Amino acid sequence: MEYKSKVTDKKRAIVAELKNQLTTSKGAVLVSYKGLTVAVDTQLRRELRAAGVTYHVVKNTMTRLAAKEAGLDELTPHLEGTTALAFSTEDAVAPAKVLCGFMKKNKLEEAGILTIKTGLVEGKVIDDKGVKALADLPSREQLIAKLLGSMNAPLANTVGVMSAIVSSVVRVVDAVREQKAKSAA
């Protein structure tokens, strides 16, 4: 009987950890990995880790319980077959970007080896199309660069116009000076 309570306690701890991962992550993606080789899985894990994304295989039953406790019942229909969870507590877009990029680069989705089931962004469930759209968004750094570039463009144009005006004035003054020098001579 004591053995059963240890197992139950262990399962409760797993459900609590999964619930924590689902509720504290800014972005998460559930994938099916049927037929993924060890070498490809290792490369995927390496790329996810480099992007600050945690990735692990989850049991559907435990994840279903965690999702129910977290109020994410929309995940339940997606918890069939092989399931792995990729999540980030820092960047909502990173799991989707890395997974979709990896799938495209290695042609895994067409082969049905690695497929997107569903995703989470800031606690909201999104479908596989939403995950792919999220992956296509420019990164935060790219958006900031575009914003700064668009803010900088009018200033650069103003500086260019002012520089042209100043150089025109300098040329006119120089021409007047040369003309006076010629007429004085």
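Helices (H or I, at least four residues) and strands (E, at least two) are DSSP runs, numbered from the N terminus. The model is predicted: local features need pLDDT of at least 70, side-chain atom pairs count only at pLDDT 80 or more, and totals for chains, interfaces and linings use all residues. Residues are numbered from 1 along each chain as its sequence is written, and side-chain values use heavy atoms, with hydrogens and water left out.

Helix H3 itself spans residues 60-70, and its buried residues are Asn60, Met62, Thr63, Ala66 and Ala67. Here buried means under 20% relative accessible area, exposed over 50%, and partly exposed in between (1.4 Å probe, protein chains only). Viewed down the axis of H3, the buried residues fall within an arc of 155 degrees, so they line one face of the helix; the arc is that of the directions from the helix axis to the C-beta atoms. On the face turned away from this buried side, H3 carries the exposed residues Thr61, Lys68 and Glu69.

The interior may be considered next. In soluble globular proteins, nonpolar side chains tend to be buried together. A nonpolar core is a set of buried Ala, Val, Leu, Ile, Met, Phe, Trp, Tyr and Cys residues joined through side-chain atoms within 4.5 Å. The largest such core has 23 residues, and those with the most contacts inside it are Val31, Leu44, Tyr55, Leu99, Leu114 and Ile116. At least two residues of this core come from each of strand S1 (27-32), helix H2 (38-50), strand S3 (84-88), helix H4 (94-106) and helix H5 (128-136). H4 gives the most, with seven residues. Apart from this core lies another, of 15 residues, among them Ala28, Leu72, Leu75 and Leu120.

Leaving aside neighbours within four places in sequence, Tyr55 is in contact (heavy atoms within 4.5 Å) with residues including Val31, Leu36, Asp41, Leu44, Arg45 and Ala86.

Two loop residues other than glycine also have positive phi. Lys107, in the loop between H4 and strand S4 (115-121), has a phi near 50 degrees, and at 57% relative accessibility Lys107 counts as exposed. Glu122, in the loop between S4 and strand S5 (124-127), has a positive phi of about 50 degrees, and at 53% relative accessibility Glu122 counts as exposed.
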